[in-house]
Amino acid sequence: MPLPVFPIGPPSVTNNSPYVRSHTWPVKRTPRWNTGVQWTPSGVRTTVPYYANNPLWAFEFTYEVILDNPNKLNPLYQSIVPPTDLEILQAFWFQAKGAGNEFVYNDLGALTNQPLAAPDVNGYTEIRRLVGSYPTIPLTGPPPTFNPVYESVQELNGGTLNVFANNVATSNYTVLGANTISPYEGITIHWNATPANPITANFTPYYRCVFSEDTQEYEEFMYQLVQLGSLKIEQVRVAP
Amino acid sequence: MRTVYDGTGADVTSFAFSYMKSKRSLMLADLFWIQTNVFWGNQTGDDPAYNFFMTNGSFPIKVGTLQTAPDVLVALGATYTPSKDPIVRGDFNYKVGLEADSVDVTWYLKNTTLLPNQGLVPPPSIKNAFAWGYFTDALMYIHRAIWDPSTGLVGTMLMWRGPIRSATIDREKVVMKVTSPMDLFQDVQVPTQLVQPNSRTMPYITPFPTYQPSGPQVGSTSTDLIFTTAAVADHALRDGYMMAAGTLIATAPKNNLPPQIMYRIRDNVTLGGTNLHIFPYEPVAPEMVMGVGINIWLQRAQTAGAPGFGSVPPPEMSI
């Protein structure tokens, strides 16, 4: 069953998207890895990366002004008793029971043409997004080659997955949950027949998140104007 | 170095040793395997065990063949998945000699994490099953997996194996004490009738129960289980034994699995002609028998037991 969607997005899209209005820059995005480190007296260092393939993200938002004015309701939220922006935020906070319940956060919008790998020997392909690429040789040398880096997509929250084999839409696969098929952390698809390459996909990825803290400080600095200095959420891993 | 086996069961210790020496960054994960009876369903004695496969790694790890004991390999073909309820272990302490040791494994189980549906509706929570003692003597194997990001599983090594001897439950976790096999000789009182040279089949009881009343009625409590059955004389079931769940006909103990849990009956009365009230000596969780009925055996002389122990009751496994 889909999880509630966090009603905050990047400020650049806040004012024309179904989000609580008026939150401000900066937005902090912190990808966190987890590494066990062992030093020897000689300085040689050995590590065990506990997060094998993907980091966990943390996000921090700032609201300089949250409207609590019943005469300036958020027009995107329709209900019998339309809530103010503050009421939307606080209602979401209440349903999450602070740091208790999970929800999803869409930080990346809708992604298109994400390159997927060819099926593995067992016919599985992981759903992933392209993070970026890094050069493999010095930039001063011959034209560098670039290594693409991907992040597993663990959560679509019931959204549509459109897969293309050689630019032709296909549905000749079965979708399997995140962290169920070794060694993939993300959602995987199992092909019913070998697809044509290249394989690409369009989807809207989410991060499964929780609030980082059990408290929030809403400061009403003027009548019906509320400030929220810091709103922190963090990603949790999806497990079967 | 411990023996490392790859997914096909080949001994790759030498390769794993050189692989680990050559790397400055190693991907390691603990693999937890709990094996028990399907005590929450209609299991018969011949049904396979139920297995829980979990890892504290961040990704699923598929393992072909695993070592389960010295020189014993099992073709498992299982996928250890990251547990939604985190599971971690304490330190391993190994000693040479006959001293028994244990390791604490902590499973941060939510109350809402249920056993898979196996015919008992609704399946109880795993945490409750621990509290009721159903996981006592279930086997746990802890392996360590060495993983290569490019080539996959390098191999696994058996780090610990043994039964879950006890569990401590609080609101956020279950702490299991997993002993080593040496515990069998050091701390476990072995009933004399358990040591016998012949088949382990039917050492205590007849394979078929004397009574098989239908599932308990709504209104049963942990000390007053109410069944629907033909008339049973009052007090006739005194000191009899009942299986808590399922239609367990062949109850022979099986290697590497805990014995089926039996409860001892303190007394019985029949009310209204068909309502059989059974009063166990110790509380029984009604959830474990609701809807699946029970089997009742009475104490009586047997011919299938070991010589000299012709009339012995089943072992006390009640909780």
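Predicted model: local features only at pLDDT ≥ 70, side-chain atom pairs only at ≥ 80, totals over all residues.
View 1. Leu158(B) is buried, because its relative accessible area is 10% (buried means under 20%, with a 1.4 Å probe and protein chains only). Leaving out residues up to four places away in sequence, Leu158(B) touches Arg2(B), Gln67(B), Thr68(B), Ala69(B), Tyr141(B), Ile142(B) and His143(B) (contact means heavy atoms within 4.5 Å). Its C-alpha atom is separated by 27 Å from that of Ile169(B), 11 residues apart along the chain.

Residues are numbered from 1 along each chain as its sequence is written, and chains are lettered from A in the order in which they are written. Local features need pLDDT of at least 70, and side-chain atom pairs count only at pLDDT 80 or more, while totals for chains, interfaces and linings use all residues; side-chain values use heavy atoms, without hydrogens and water.

**View 2. An open sheet of 5 strands in chain B.** The strands follow the order E10-E13-E12-E11-E14 with antiparallel pairing (two strands pair if DSSP finds at least two bridges between them). Strand E10 (225-228) and strand E14 (295-297) of chain B stand at the edges with a single partner strand each, so one side of each has no neighbour in the sheet.

**View 3. The pairing of strands E12 and E13 of chain B.** Strand E12 (residues 262-271) and strand E13 (residues 275-280) run antiparallel and are joined by 6 bridges. Thr270(B) has Leu276(B) as its bridge partner in E13(B).

Technical notes:
Buried < 20%, exposed > 50% of the residue type's maximum accessible area, 1.4 Å probe, protein only. Helix = DSSP H or I, 4+ residues; strand = E, 2+ residues; numbered from the N terminus.
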